[in-house]
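The sequence and structure come first.

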Amino acid sequence: MKYIALVTGASSGIGREFVRQIAAAYPSLDEIWVLARRLPALRELKEELPGKNVRILSLDLSADSDLEVLEGRLKRERPCIRILVNSAGCGKSGPVESQKWQDASRMLDVNCRALTIVTMLCLPYLKKGSRIIQVDSGSAFLPQPGFAVYAASKAYVLSFDQALGAELKGRGVTVTSVCPGPVDTDFFKTGGITLTPLKKIFLAKPERVVRKALFDAEAGRSLSVCGRSIKLVRLLGRLLPQKVMLEITAKLFLQGKKELL
Ligand SMILES: NC(=O)c1ccc[n+]([C@@H]2O[C@H](COP(=O)([O-])OP(=O)(O)OC[C@H]3O[C@@H](n4cnc5c(N)ncnc54)[C@H](OP(=O)(O)O)[C@@H]3O)[C@@H](O)[C@H]2O)c1
């Protein structure tokens, strides 16, 4: 039986950091499968890890045909997936009425649909002790005017993870939702999102987010929250009525203070 880790979003940012840390922390894994669209970036990552059996899957998770390629590969090789990391994701900010529907569709496709399908495809190959790590976001904790579709897509992930975790309890497989605040990756550049001074203050390093996520996943925790800003948001979300939180976020994000946040 071949033991593997499968990481989506492996060509950059948080996903790439997961591959690096998994390679170092789990030397007994037979292979690490790295998935993203950009082949050169995946090749670079493979070269960075000599001596590790890194398998490249250059696939577009928004395409059904590519999801079928992953399904076929799993069916053929029947590995034991020790760790599944779903890190592929994207975000575009702005009021809903100013967004292109194609951008909203892309967020829903990658953040929700692909994450769900990849998880479902992997379920038959998870064994007792396997870990599912879903890279979610602090945006999952409350609706976010100005980032509505993205935050809603991440709330979906949190809900899905919690229900799935309960379903898998008897199998000894755990699901950990990783919910960081802003992280220093290409996410903002790719999504054309301005990194405002406040966000810069709370910007976490992917190394730290991933270290904590792997620790929390091994401890069987359902949630991994890294960063003071997002812990505070979560606390306020629990203490204040949602109506009040929405008024605050709408004021902050939509009414003239955009340059600060
Ligand atoms: N950075 C932050 O502030 C932050 C905060 C909270 C949560 N997150 C979440 O963290 C996760 C990783 O983001 P990141 O910060 O590491 O951003 P990133 O550096 O932009 O990485 C995004 C990854 O997703 C992959 N991806 C996007 N669309 C894809 C598709 N259609 N098919 C396959 N792969 C696709 C990209 O690979 P290719 O382009 O090569 O396909 C890339 O590897 C996302 O789910 C994001 O929502 C980020």
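A residue is called buried under 20% relative accessible area, exposed over 50%, and partly exposed in between, with a 1.4 Å probe and protein chains only. By this scale K169 is exposed, because its relative accessible area is 70%. K169 sits in the loop between α5 and β6; helices (H or I, at least four residues) and strands (E, at least two) are DSSP runs numbered from the N terminus.

The model is predicted, so local features need pLDDT of at least 70 and side-chain atom pairs count only at pLDDT 80 or more, while totals for chains, interfaces and linings use all residues. Residues are numbered from 1 along each chain as its sequence is written, and side-chain values use heavy atoms, with hydrogens and water left out.

**Ligand site**

The ligand is surrounded by 31 residues, where a residue counts as near if one of its heavy atoms lies within 4 Å. The closest are S12, R37, Y150, V183 and T185. Sorted by class, this shell holds 14 nonpolar, 11 polar and six charged residues. In that scheme Ala, Val, Leu, Ile, Met, Phe, Trp, Tyr, Cys and Pro are nonpolar, Asp, Glu, Lys and Arg are charged, and the others, Gly among them, are polar.

| Residue | Protein atom | Ligand atom | Distance |
|---|---|---|---|
| R38 | polar side-chain atom | oxygen | 2.8 Å |
| D60 | side-chain N or O atom | nitrogen | 2.8 Å |
| G89 | backbone N or O atom | oxygen | 3.3 Å |

On its own the ligand has 880 Å² of accessible area, and the protein covers 95% of it; accessible areas come from the Shrake-Rupley method with a 1.4 Å probe. Elements that give two or more residues to the shell are α1 (13-25), α5 (148-168) and α6 (187-191). Of the elements, α6 gives the most, with three residues.

**Nonpolar cores**

A nonpolar core is a set of buried Ala, Val, Leu, Ile, Met, Phe, Trp, Tyr and Cys residues joined through side-chain atoms within 4.5 Å. The largest has 30 residues, and F18, V19, I22, V34, V85 and I133 have the most contacts inside it. At least two residues of this core come from each of β1 (3-8), α1, β2 (31-36), α2 (39-48), β4, β5 (131-135) and α8 (206-218). Leaving out residues up to four places away in sequence, I22 touches A5, V7, L29, I32, I83, V85 and L214, contact meaning heavy atoms within 4.5 Å. Another core, of 29 residues, lies apart from the largest one and includes W33, L67, L164 and V173.

**Single residues**

L123 lies in the loop between α4 (101-122) and β5. Is L123 buried or exposed? It counts as buried, because its relative accessibility is 19%. Beyond its neighbours within four places in sequence, L123 is in contact with I132, L164, L168 and R171. L123 and V244 are 121 residues apart in sequence, and their C-alpha atoms are 40 Å apart.

A114, in helix α4, is buried, with a relative accessible area of 1%. Its contacts, not counting residues up to four places away in sequence, are L61 and D109. The C-alpha atoms of A114 and A88 are separated by 8.5 Å, and the two residues are 26 apart along the chain.

T174 belongs to strand β6 (residues 174-178). With a relative accessible area of 18%, T174 is buried. Setting aside residues up to four places away in sequence, T174 touches S130, R131, I132, A217 and G220.

R78 is placed in the loop between α3 (64-77) and β4 (80-86). Although not a glycine, R78 has a positive phi of about 40 degrees. R78 counts as exposed, because its relative accessibility is 52%.

Definitions and conventions. Polar contact = N/O pair within 3.5 Å; in protein donor to acceptor, adjacent residues only side chain to side chain.
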